[in-house]
Amino acid sequence: MSERSDILVIGAGVSGLASALCLLERGRSVRVVDAGRVGGGSSHGNCGTLTPSHAGPLHAPGMVAKALRWMLTPDAPFYVKPRFDPTLWQWMLRFAARCNERDWAASARARAAILNASRAAYPDWVARHAPDCEYAEPGTCCVFRDAGELDATVRRLPPLRELGIDCEVIDGPTLLAQEPALREGVAGAVVYPGDAQLRPDRYVAALARAVRALGGVIEEHCEVRAVERDGDGMRADTARGERRAREVLLATGAWSPLLAKSLRLPWLRGAMQPGKGYSITYSRPGLAPRRPMTLHERKVCVTVWEDGFRLGSTMEFSGHDTALNRRRLDALERGAAEYLHEPVGPEKREEWYGWRPLSWDDLPIIGRAPGHDRLWLATGHGMLGVSMSPATGRLLAELVAGESPHIDPAPYSPARFAS
């Protein structure tokens, strides 16, 4: 194929499609290629919550001790599959080194900036590009059965409020009055009224339609095997032949490190790890929560849509393992049963796993690749790719176009890993 695009986007997940859309709006010609189908990765099976409340990174103080305890329990919320993997352990050491107040606060500020920018953009963004994705603004609710855990979380709320994230604490009786779906015995909850939700599969499908409507090309089942410089542009070797472009954007989520050698980005393999998550989708139960919930002690997320109900979460470091772990799926249902009168819906529709692209500082990687003047990255969003997508697409397009960025791009720069 001799046709050359301005931008070749590798990856048709939420970050790649949002970036493609923003580039098209700036007059660039765009081709998107994906090894699978549109939204076939972590964009598909997540819980669809839009959560500035998750500005706090995973590397919280005390996380190392908690993770070490969980390592002995295969169905724990955070699990590392025992194996010899030097790259993983180097990543873990860097992650552990950031489990302190100073680094937690630095990552939280940067995460809040892009999360808040996306949340502010979402109403207009979905109105223009994804009006049928069931976008709603019910807030979210983190539910506690242990009063000590609730108190510990309340003590960490002031830094979130300083980052512009609204939150309020309610006691058990008040929570039960608001949420009849919950069982007796809850200690209370932290409510985040600024959070929102959508149907992620419908959202990603709508972004793909919007890309095509603006003249973008999307090729599914078009795996990229190698990318190299080609004169004044770039050439990609794909399963369907060569694809040429002036510039390339890598937006392949947890698969990004697998292209590191071809792209001459040796630092990328050490910067990211795939964090495997699970979800189960059901038809909607008769007594369902009124807003999305996180069941804190079990780390289970619950989302309800017009005709669906999803349990999700867990974090498993097992590389790109393709097994659907029954023990971890069952743990979602067991955890939900501790909190909800109807923890599952009458019909099970899908069991799913996917890999979240986790950087060791828990920040996305957005910007020009160091040492490459025609290669860009939009990856490493962890569990928040959907939440961050409007601001990610806009920021990437602003950088490519040489515009003044709407948020400070420095915290997300790929250069932080290559120095």
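Glu-134 counts as buried, at 15% relative accessibility, where buried means under 20% relative accessible area, exposed over 50% and partly exposed in between, computed with a 1.4 Å probe on protein chains only. The residue is placed in the loop between helix H5 and strand S5 (140–144); helices (H or I, at least four residues) and strands (E, at least two) are DSSP runs numbered from the N terminus. Although Glu-134 is not a glycine, its phi is positive, at about 60 degrees. The structure is a predicted model, in which local features need pLDDT of at least 70 and side-chain atom pairs count only at pLDDT 80 or more, while totals for chains, interfaces and linings use all residues. Residues are numbered from 1 along each chain as its sequence is written, and side-chain values use heavy atoms, with hydrogens and water left out.

A positive phi, of about 55 degrees, also occurs at Lys-299, which is not a glycine. Lys-299 lies in the loop between strand S14 (293–295) and strand S15 (300–304). With a relative accessibility of 24%, Lys-299 counts as partly exposed.

Two packed helices are described by the angle between their axes and the distance between the axes. Here axes are lines fitted to C-alpha atoms, for helices over the stretch in contact, and angles run from 0 to 180 degrees between N-to-C directions. The axes of helix H1 (residues 14–25) and helix H9 (residues 200–213) come within 9 Å and cross at roughly 30 degrees. H1 and H9 are therefore roughly parallel to each other, given that angles under 35 degrees count as roughly parallel, over 145 as roughly antiparallel, 65 to 115 as roughly perpendicular and the rest as oblique. H1 passes H9 in a left-handed crossing, a term used if the near helix is turned anticlockwise from the far one by less than a right angle, with right-handed used if clockwise. On the H1 side the contact (heavy atoms within 4.5 Å) is made by Val-14, Leu-17, Ala-18, Ala-20, Leu-21 and Leu-24; on the H9 side it is made by Tyr-203, Val-204, Leu-207, Ala-208, Ala-210 and Val-211. By class, this contact of H1 with H9 has 12 nonpolar, no polar and no charged residues, where Ala, Val, Leu, Ile, Met, Phe, Trp, Tyr, Cys and Pro count as nonpolar, Asp, Glu, Lys and Arg as charged, and the others, Gly among them, as polar.

Val-14, in helix H1, is buried, with a relative accessible area of 5%. Leaving aside neighbours within four places in sequence, the contacts of Val-14 include Tyr-203, Val-204 and Leu-207, as well as Gly-385, Val-386 and Ser-389. Val-14 and Leu-384 are 370 residues apart in sequence, with a C-alpha to C-alpha distance of 10 Å.

In soluble globular proteins, nonpolar side chains tend to be buried together. A nonpolar core is a set of buried Ala, Val, Leu, Ile, Met, Phe, Trp, Tyr and Cys residues joined through side-chain atoms within 4.5 Å. The largest nonpolar core has 61 residues, of which Leu-17, Trp-125 and Tyr-203 touch the most other members. A second, separate core of 37 residues includes Ala-67, Phe-78, Phe-317 and Leu-377. Beyond four places in sequence, the residues in contact with Leu-17 include Val-32, Val-38, Val-204, Leu-207 and Ile-218.

Helix H5 (residues 101–129) also meets H9, with axes that come within 9 Å and cross at roughly 60 degrees. Tyr-122, Trp-125, Val-126 and His-129 of H5 make this contact with Tyr-203, Ala-206, Leu-207 and Ala-210 of H9. The classes here are seven nonpolar, one polar and no charged residues.

H5 packs with H12 at an angle of about 80 degrees, with the axes 7 Å apart, and the two helices are therefore roughly perpendicular to each other. Among the H5 residues in the contact are Arg-111, Ile-114, Tyr-122 and Trp-125, and H12 contributes residues including Val-386, Met-388 and Pro-390. The contact divides into 10 nonpolar, four polar and one charged residues.

Ala-110, in helix H5, is buried at 5% relative accessibility. Not counting residues up to four places away in sequence, Ala-110 touches Leu-363, Pro-411 and Tyr-412. Tyr-412 lies in the loop between helix H12 (385–401) and helix H13 (415–418) and is buried, at 0% relative accessibility. The C-alpha atoms of Tyr-412 and Arg-111 are separated by 9.3 Å, although these residues are 301 apart along the chain.
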